[in-house]
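Student: Could you take a close look at one part of this model for me, and then carry on from there to other parts of the chain?

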Amino acid sequence: MKTDLPQSFRRLEYRPPVYTFDQVELDIALDPARTIVKSKIEVIPGKSFEPGAPLVLAGQELEFVSLRINGEAHRHFELTPEALTIRSLPNEGKDQFVLEIICICVPEKNTTLMGLYVSNGNFFTQCEAEGFRKITYFLDRPDVMARYRVTLQAREAECPVLLSNGNLLKEEKLPNGWHSATWEDPFPKPSYLFALVAGKLECIEETITTSSGAKKLLQIWVEPHDLKKTRHAMDSLIASIHWDEKRFGLELDLERFMIVAVSDFNMGAMENKGLNIFNTKFVLAQPETATDADFANIESVVAHEYFHNWTGNRVTCQDWFQLSLKEGLTVFRDQEFSADQMGSESGRAVKRIEDVRLLRQLQFPEDAGPMAHPIRPDEYQEINNFYTVTVYEKGSEVVRMYQTLLGRDGFRKGMDLYFKLHDGQAVTCDDFLAAMADANGKDLTQFRNWYSQAGTPRVKVEEMYDPAKKQYHLMLTQSCAPTPAQPEKKPFHIPLKMRLITSANDLPEQLLGLTEPTQSWTFDNIAERPVLSINRNFSAPIHLDFEQSEADLLSLLSSDDDPFNRWEAGQKLAMQMILNNRLPDAALMNAYRNLLLDPELDPAFKELALTLPAESYLYEQCSSVDPQQIFTARRAFRREIAKQLQLEWAALYQQNQTPGPFKSDAQDSGKRALKNLALSMLLEADPKIWAPMAINQYQIADNMTDRYAAFAALVIHGAKGANDCLNDFFSRFANDTLVIDKWFALQSSRPPVDGLESTLADVKRLREHPAFKLNNPNRARSVIHAFCANNPASFHQADGSGYAFWAESVLALDPINPQVAARLARALDRWRLFAQPYQSQMKAALERVAACPTLSPDVREVIGKALG
Ligand code: 0A1
Ligand code: ZN
């Protein structure tokens with residue numbers, strides 16, 4: 001039994017490397033049962049070098065074979081399960097020496113999907129954050145950047161394709177049916193960006209010309225039967241390349257850029273230099289099998305990984321505490337790209353609303369829970385647990401605030417300086433901030449608090465209008481609740497876009513900088529009491545405490561010129577009424593009706609405006625959550641909108657059809673979104689009347705968005721015909737893994753329906769289904785995570801049955817794949833927020849998992865912090 005305390009890593013304990021690597025040669029003979037890895041490395045002293053210092057290499061789950069230094073066998077070393085320590089180096093390590101190591105790994109046994117593994121008979125790697133040490137002994141840290149030359153060998157019949165980073169140097173036939181390929185990456189890189197892929201794959205390719213006139217080869221590699229689903233990813237890649245040239249002056253630096261799809265993958269995708277590896281979910285799309293959301297996600301993930309080529313690869317992170325340096329920045333870049341791809345101002349606003357909704361649904365709870373951490377964390381036990389919505393999405397909001405403060409041009413100046421100073425280096429978030437400050441001659445000292453402090457700041461708004469003096473007074477007070485290890489917070493620099501709205505409609509938008517705990521502003525010559533529109537376009541990632549009257553909120557909902565705040569006003573009204581257990585009143589219903597009938601408004605915006613705040617966001621507004629009560633109140637509210645606007649929904653359903661060939665662009669997908677919300681509302685209002693229309697849509701649909709929406713509406717509302725659709729859908733798409741994931745996920749995320757068996761009973765049956773595979777992360781997530789994290793009303797049962805299922809699932813997944821298990825473990829993060837009996841039941845489930853003596857460090861950290 002392991003009794004040692006979990007090991008913590010601390011940001012302030014960073015030391016530069018003692019040794020570093022120059023040139024790395026890898027020779028890898030691929031065999032699923034026994035892959036032989038030979039490395040030949042030029043080692044030189046690093047920044048912390050002292051003569052005589054040992055060279056300590058990380059290595060995990062490797063079979064050590066041999067070690068040579070400068071061509072001679074070397075005996076002065078020690079091996080532990082985690083490290084290879086080499087002593088008595090030539091000339092005390094002061095001169096460059098050549099290290100040669102041979103070791104063996106077993107890809108077919110690797111279910112963690114970190115390091116080298118096999119998926120559907122093909123070989124793939126995943127090295128971020130610390131997977132390279134499962135391939136060979138190495139200085140597996142991002143501040144050791146080396147040049148790689150890689151030779152892959154394999155049996156040609158099983159692995160006709162051999163890929164690695166960079167440019168292909170040569171290919172050779174070898175004896176006994178083996179062959180080899182040698183790749184060279186001209187750019188120094190950290191080990192986490194290494195990749196290899198080998199197997200039976202095929203590609204589509206395109207040649208493009210970049211801004212400097214260079215020709216580049218683009219390839220997308222997939223299993224042969226998926227080739228027909230790669231067009232959208234290729235178009236997205238080409239669009240991303242052009243966008244980065246135009247917006248940031250950044251050009252593709254390699255002759256060849258490859259994307260490979262794999263169906264067993266822990267995350268979305270990975271930005272390995274020149275050889276991005278993707279979860280199939282974020283590559284493969286055809287109208288018949290992928291929804292509009294899938295198309296949009298593919299576009300943004302392809303862009304995200306491509307953008308990493310500069311923000312992450314050319315300039316990388318000094319250490320893993322700096323993860324947001326590359327992730328926050330790259331999410332910001334992909335969000336801006338997707339916004340531009342929407343093709344209109346209203347499209348940009350729609351994208352902004354979607355991003356903020358996600359932030360509030362997922363990141364706000366994280367920032368208020370036991371795993372709360374600053375975007376640049378100070379401590380971790382397992383770095384894999386820190387690929388979080390805080391590091392990514394809040395990180396992106398922080399980058400966006402630079403742009404808000406400095407303007408687009410100022411932000412671009414900062415980016416230019418960042419690359420000028422740091423190209424080819426491993427740097428820190430402080431370096432990024434300094435580049436932004438120096439390029440613009442600005443003091444951003446206080447802005448640093450966004451990097452060091454966790455928690456979502458609250459800004460209290462108080463206003464007063466003085467009709468006699470025609471003055472408007474605004475007082476803002478900021479605060480931030482304690483988070484783990486941070487009882488007290490310093491004030492943040494909060495950029496707040498605001499506008500005073502009056503009938504004359506003549507006051508401009510302004511940017512207020514809230515830097516003090518409390519600050520006041522006076523506005524003169526304000527002819528009448530204005531309506532305040534503040535934090536426009538969500539200029540800062542904060543909670544607003546503003547007791548704005550319902551009348552003012554209704555006025556913003558009907559006419560704020562900032563579409564984000566227009567949406568926000570509606571969300572706030574709905575939220576307040578749901579939390580007070582009220583149904584929408586006549587005034588709100590009227591506002592909804594006007595909005596839906598407004599011919600000027602984008603259908604995608606209408607869909608967002610009529611979608612209620614998520615349960616997880618509603619929880620965050622309560623001091624003691626009764627999940628069943630919130631579900632019931634929210635559902636009743638929705639049903640009322642559905643019923644009272646039934647005629648409008650029926651009309652919208654007809655008006656927003658998209659005849660003609662399928663297009664996944666913003667316009668058509670916006671119309672489909674509104675039409676399918678209308679369909680769902682009609683079933684909410686009266687499943688008996690409207691089910692036949694949904695069944696018809698299901699049957700005649702020529703695209704997955706419409707087919708799935710009809711299917712989901714039937715299942716979610718427990719309508720007649722739902723079961724036939726379930727059977728039909730499964731047999732229609734039995735050979736398409738990604739579509740079958742949808743089939744599983746829909747059933748697992750179905751909220752409770754009167755008269756139907758509990759979703760948990762369904763989920764337990766699904767887990768026994770022949771097509772269920774716990775080892776495949778997408779499939780496991782489609783059943784287990786879908787239930788535990790996306791189906792609150794079914795999950796939170798007073799008898800604790802949902803939590804017991806969660807505990808069993810965490811314990812079953814952990815020995816197979818700790819990363820996937822640890823994500824699932826997070827589903828109980830907010831247990832302290834819940835009322836009884838939920839809270840005690842959750843605690844008991846957490847304790848049951850904690851009692852397992854063989855937990856991975858990943859799950860141990862999450863559970864330990866939840867209970868701590
Ligand atoms: N850097 C990737 C995310 C990523 C992180 C860890 C992984 O290992 C399991 C895989 C991918 C990105 O931001 O897209
Ligand atoms: Zn990323």
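**A close look at A673**

Tutor: Happy to! Leaving aside residues up to four places away in sequence, A673 touches D292, P603, A604 and E607 (contact means C-beta atoms, placed from the backbone, within 7 Å). Please keep in mind that this is a predicted model: local features need pLDDT of at least 70, side-chain atom pairs count only at pLDDT 80 or more, and totals for chains, interfaces and linings use all residues. Residues are numbered from 1 along each chain as its sequence is written, while chains are lettered from A and ligands numbered from 1 in the order in which they are written.

A673 sits in helix α15, residues 666–685 (helices, H or I with at least four residues, and strands, E with at least two, are DSSP runs numbered from the N terminus). A673 counts as buried because 23 C-beta neighbours lie inside 10 Å (buried needs 20 or more, exposed 12 or fewer, partly exposed falls in between). Between A673 and W743 there are 70 residues of sequence separation, and their C-alpha atoms are 20 Å apart in space.

One of the contacts of A673, D292, brings us to ligand 1, where α2 (292–307) and β20 each supply at least two residues of the shell. That shell holds 13 residues, and Q126, E128, N266, M267 and M270 are the closest (near means a C-beta atom within 6 Å). Sorted by class, the shell has 4 nonpolar, 5 polar and 4 charged residues (Asp, Glu, Lys and Arg are charged; Ala, Val, Leu, Ile, Met, Phe, Trp, Tyr, Cys and Pro nonpolar; the others, Gly among them, polar).

A129 belongs to the loop between β11 (122–126) and β12 (146–155). Another cis peptide bond joins Q836 and P837, with omega of about 5°; P837 is placed in the loop between α24 (818–825) and α25 (838–850).

Strand β20 (residues 269–270) runs antiparallel to β21, joined by 2 bridges (strands pair when DSSP finds at least two bridges). A269 has F278 as its bridge partner in β21. The two strands make a hairpin with 4 residues between them, and G274 in the turn has a positive phi of about 70°. Strand β21, residues 275–279, is mostly covered, with 5 of its 5 residues buried. Strand β19 (residues 256–262) pairs with β21 in the parallel sense over 5 bridges, and V262 has N279 as its bridge partner.

A further set of strands is an open sheet of 3, in the order β28-β27-β30, with antiparallel pairing. β28 (510–514) and β30 (531–534) stand at the edges with a single partner strand each, so one side of each has no neighbour in the sheet. Strand β27 (residues 494–501) is joined to β30 by 4 bridges, and L500 stands opposite L532 in β30.

N91, though not a glycine, has a positive phi of about 50°; N91 is in the loop between β8 (83–86) and β9 (97–105) and counts as exposed because it has 10 C-beta neighbours inside 10 Å. N120, also not a glycine, has a positive phi of about 50°. N120 is found in the loop between β10 (115–119) and β11, and with 12 C-beta neighbours inside 10 Å it counts as exposed.

Terms used. Contact = placed C-beta atoms within 7 Å.
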